[in-house]
Amino acid sequence: MNAENAIEVEVRAAIHRALPTGNVSLDDVAKIIGIGGRTLQRRLNENGHSYGRILNDERQKLVKRLLADGKLSKAEIAHRVGYRDPNSLYRMLTRWQDQDE
């Protein structure tokens, strides 16, 4: 695996672990990885990645999996993917639906 993919894989894994806690800021994830937030941002930028895009991708994967499972309410799913407010999930679902059309 090259360095470009390594940082993305590491960030995705850290986000996946952090989502249920709601602590998914760039600085929170950088701390999980063991580097500073500015260093993480720089490495992602150098390799053509965006933290926000990676975070949204990971949230979307988890939301789709939890919705398909059908065991949790949307409010519970919102909390599970790190949203403090269920309305944030509703807005994100609408945005994802618009992108899929």
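## Ser88 and its polar partner

Let's start at S88, whose side chain is joined to that of R91 by a polar contact of 3.3 Å; such a contact is a pair of N or O atoms within 3.5 Å, where, within protein, one must be able to donate a hydrogen and the other to accept it, and residues adjacent in sequence count only if both atoms are side-chain atoms. S88 sits in helix α6 (residues 86–100). Helices here are DSSP runs of H or I with at least four residues, numbered from the N terminus. With a relative accessible area of 19%, S88 is buried (under 20%, with exposed over 50% and partly exposed in between, using a 1.4 Å probe and protein chains only).

A word on the model: it is predicted, so local features need pLDDT of at least 70 and side-chain atom pairs count only at pLDDT 80 or more, while totals for chains, interfaces and linings use all residues. Residues are numbered from 1 along each chain as its sequence is written, and side-chain values use heavy atoms, leaving out hydrogens and water.

## The nonpolar core

The largest nonpolar core has 28 residues, and V11, I15, V29, L40 and Y51 have the most contacts inside it. A core of this kind is a set of buried Ala, Val, Leu, Ile, Met, Phe, Trp, Tyr and Cys residues joined through side-chain atoms within 4.5 Å. At least two residues each come from α1 (3–18), α2 (26–33), α3 (37–46), α4, α5 (74–80) and α6. Helix α4 gives the most, with six residues.

L40 touches I7, V11, L26, V29, A30, I33 and I35, not counting residues up to four places away in sequence; contact means heavy atoms within 4.5 Å. I7 lies in helix α1 and is buried at 6% relative accessibility. Beyond four places in sequence, the contacts of I7 are L40, R43, L44, N47 and H49. Between I7 and L44, the C-alpha to C-alpha distance is 7.0 Å, although 37 residues separate them in sequence.

## Where α2 meets α3

The axes of α2 and α3 come within 8 Å and cross at roughly 95° (lines fitted to C-alpha atoms, for helices over the stretch in contact, with angles from 0 to 180 degrees between N-to-C directions). That makes the two helices roughly perpendicular, a term for angles of 65 to 115 degrees. L26, D27, V29, A30 and I33 of α2 meet G37, L40 and Q41 of α3.

## Glu58 in α4

E58 lies in helix α4 (residues 51–69) and is buried, at 8% relative accessible area. Its side chain makes a polar contact of 3.1 Å with the side chain of K61. Leaving aside neighbours within four places in sequence, E58 is in contact with R12, I15, H16 and L19.

Conventions
Angles under 35 degrees count as roughly parallel, over 145 as roughly antiparallel, 65 to 115 as roughly perpendicular and the rest as oblique.
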